[in-house]
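Here are my notes on the model, point by point. Please read them with the structure open.

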Amino acid sequence: MTTPLIRTETLSKTYHIGGGDVRALVDLSIEIAKGEMVAIMGPSGSGKSTCMNLLGCLDTPSAGNYWLAGEDVSQLDSDALAHIRNEKVGFVFQQFNLLARATALDNVELPLTYGRVPRRLRHQKAEKALAAVGLADRMDHRPSQLSGGQMQRVAIARAIVNNPHVLMADEPTGALDSRTGAEIMALFQRLNAEGITVIVVTHDEHVAAHARRILRFRDGRLVADEAVAAPVRAAEAVAAAAGAVEAPGAASAPLGGPLVPEAV
Amino acid sequence: MTYVDCLRAAITALKANLLRSILTSLGIIIGISSVIAMVAIGSGAETRVKESIESLGSNIMIVLNGSRTTGGARGGTGSNVTLTEDDAQALQRDIPSVEVAAPAVQGRFQLVFGNTNWSTSVQGITEEYMIARNWHIDQGRTFSEVEYRSAGKVVLIGSTVAERLFPGEDPIGKVIRINKVPVQVVGTLATKGQTPFGQDQDDVAFIPLTTAKKRVLGGRWVKSNLVGSITVKVREADSVADAEKQVTDLLRQRHRIPEGGQDDFNIRNISQFLAARAESTRVMGILLASVAAISLIVGGIGIMNIMLVSVTERTREIGLRMALGARRRDILTQFVVEAITLSLLGGLIGVALGIGGSHLIAQTGDWPVLIEAQAIMMAVGFSAAVGVFFGFYPARKASKLDPIDALRYE
């Protein structure tokens, strides 16, 4: 058996708030293999955000262990965690979190500047990532000149520019209309098909139905680990919608080339 | 993140809030420009005082004859003539810190040329006197060694005398009479202007010491070795006070004045008085500069204030950068570089304004200003230091943020 990409053993997080202890995550023991597409679900306060923060190396556990790609990362200091986030994890947020004054290209290059990648190589990688999400013609646009869907695509390009092991998406369609949301989910499914492990945190059943596996949380505990028999195929929904209205170029443009930029 | 990336990020951030950046820099701009201008004015004033000291002859003291009491009536300074040419030689020879000791005699005489005349101070001098008092020849020549030694009938005149006796004429070669003795004008002295006390230094005529004693003053001076004064030039400004004591001791010894007896000479130390004036000018300059430096600190606090606001405003950006792999050190560097850019830019604009302002003051106020490269480098260095000092705390605050809280910050 190969090493799972993500393995946790009795992973727990306890916050001390106002004298009392809040057990945000209790004894989580899961394995996620490379290439999976997993949805983490649960109402607010269920521990799904804490779970994502821990799996994304934004936070350290109070107890338990976490191996990312075989490396125990549960006891690393903040600099080492920053390094892992930079190289192995890509984040996509509900509010896109793009730098407003930087161009799409500069935004995508941002993780590479912290990885000390030389400038020319940075440009090449960022251009490739933007092309992979269908924004080859929007590289010099600022976020204010882009639509919500395009901004989220820039954010996804930024997340995949460094060839991460895992892509963590926190409510990635929460700020988008349903059709744009479907386009974004289609993009995640395509990236997943290319081999990237995708973890989507959501409270939306429809979004979760795009994954092949759903982890349900309640009160800090994992309560269900379900396989999805027939995931929603977002590309078909997009195509069906495009049949009614003429398809926008951005959605269909990237289908030709490789989606995940290879290491240059 | 490399420093170049940091600088690019800083410039982007500062450009995003251009008006705010300019207003924040204004404190530094005003501080630096006033430091530059104040230091320039201070140095200018100091230089002017130094120049007036130079014109008197730097590091000099004048030994004058003492007074004599005749039948209850006390004569003034110079009434008891005891200083000799040998005294001057001894001072120059025996006191190492003395560069030259120049004997001289002086008197007030009517100078006559044709039908014009002019009363002026006539000094009988030696070659050393020209050195000690820093006199230079404007036109013509100085006295030759033969003329100094053998009472040549020659004279050097100051520019005021030249104007009065020879208006619009070339005085060189003309013969004038001093106390009925005809002497030839061989040169004119370079203009010195007024002393700091308002005396016209150019209203003067020099003749060789020997000429003065044998031909002009006459009487008891003819055969004697006596002189009216000895001008002593000391090598180093710092040793003037020491030299004064050594001169006193040596002269007392030579004049055989017993322990506790009164000196039969007076020492006037002009340059020390002027040095005090230069010192007070310098203190004034320092005061002005420190007032300006305080405004720099105020400017620095302005930068700190805005950087704190900026860190709060950009909490989400900081969280995002951390999520993307920025270490705490990267965030710290980014904000410190931003603060330095802000203050250094202000510093450079301040230097430009300061130099411009100084020139304006120099032109309109007829006030001497001196801009020193040292002051400019110090100002620029100081503004960078202000950026580091006042930028560090906000930057540290930013780097200490928790990435999760920062990402969630509304």
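1. Chain interface. 18 residues of chain B are in contact with 20 residues of chain A. Contact here is defined by C-beta atoms, placed from the backbone, that lie within 7 Å. On the side of chain B that touches chain A, the elements giving two or more residues are α1 (3–16), α10 (315–323), α11 (328–365) and α13 (403–408) of chain B. α10(B) gives the most to this side, with five residues. By class, the side of chain B that touches chain A has nine nonpolar, three polar and six charged residues. The classes: Ala, Val, Leu, Ile, Met, Phe, Trp, Tyr, Cys and Pro are nonpolar; Asp, Glu, Lys and Arg are charged; the others, Gly among them, are polar.

2. Basis and conventions. This is a predicted model, in which local features need pLDDT of at least 70 and side-chain atom pairs count only at pLDDT 80 or more, while totals for chains, interfaces and linings use all residues. Residues are numbered from 1 along each chain as its sequence is written, and chains are lettered from A and ligands numbered from 1 in the order in which they are written. Helices (H or I, at least four residues) and strands (E, at least two) are DSSP runs, numbered from the N terminus.

3. Domains of chain B. The domain assignment gives domain 1 as 3–52 + 276–408 and domain 2 as 81–263. Such bounds come from an automatic or database assignment. The C-alpha centres of domain 1 and domain 2 of chain B lie 56 Å apart.

4. Strand β4 of chain B. Which strands pair with β4(B)? Strands pair if DSSP finds at least two bridges between them. β4 (residues 98–113) pairs with β11 (residues 229–234) of chain B in the antiparallel sense, over six bridges. There, Ala104(B) has Ser229(B) as its bridge partner. β4(B) also pairs antiparallel with β5 (residues 116–125) of chain B, over nine bridges. Two bridges join β4(B) to β8 (residues 175–178) of chain B, again antiparallel. Val112(B) has a bridge partner in β5(B), Asn117(B), and one in β8(B), Arg177(B). The hairpin of β4(B) and β5(B) has two residues between the strands, and Gly114(B) takes a positive phi near 60° in it.

5. The sheet in chain A. Six strands form an open sheet, in the order β7-β8-β9-β4-β10-β11, with mixed pairing. β7 (89–92) and β11 (221–227) of chain A are the edge strands, each pairing on one side only. Neighbouring strands of this sheet are turned by 20° against each other on average, direction ignored. β4 (residues 37–41) and β9 (residues 197–202) of chain A pair in the parallel sense over five bridges. In that pair, Ala39(A) stands opposite Val200(A).

6. Helix on the sheet. α6 (residues 178–193) of chain A lies across β4, β8 (166–170) and β9 of chain A, running at about 150° to β9(A). Axes are lines fitted to C-alpha atoms, for helices over the stretch in contact, and angles run from 0 to 180 degrees between N-to-C directions.

7. α5 and α6 of chain A. Their axes are 9 Å apart and the helices pack at about 20°. α5(A) passes α6(A) in a right-handed crossing. Right-handed means the near helix is turned clockwise from the far one by less than a right angle; anticlockwise is left-handed. Among the residues in α5(A) that meet α6(A) are Ile156(A) and Ile160(A); those in α6(A) include Leu187(A) and Leu191(A). The contact has five nonpolar, four polar and two charged residues.

8. α3 and its neighbours in chain A. The axes of α3 (residues 104–114) and α5 (residues 148–160) come within 7 Å and cross at roughly 30°. α3(A) is therefore roughly parallel to α5(A). The crossing is right-handed. This contact has six nonpolar, one polar and one charged residues. The axes of α3(A) and α4 (residues 119–132) of chain A come within 9 Å and cross at roughly 120°. That contact divides into seven nonpolar, no polar and four charged residues. Ala104(A) and Val108(A) are among the α3(A) residues that meet α5(A), and both are also among those that meet α4(A).

Key: Two residues are in contact if their C-beta atoms, placed from the backbone, lie within 7 Å. Angles under 35 degrees count as roughly parallel, over 145 as roughly antiparallel, 65 to 115 as roughly perpendicular and the rest as oblique.
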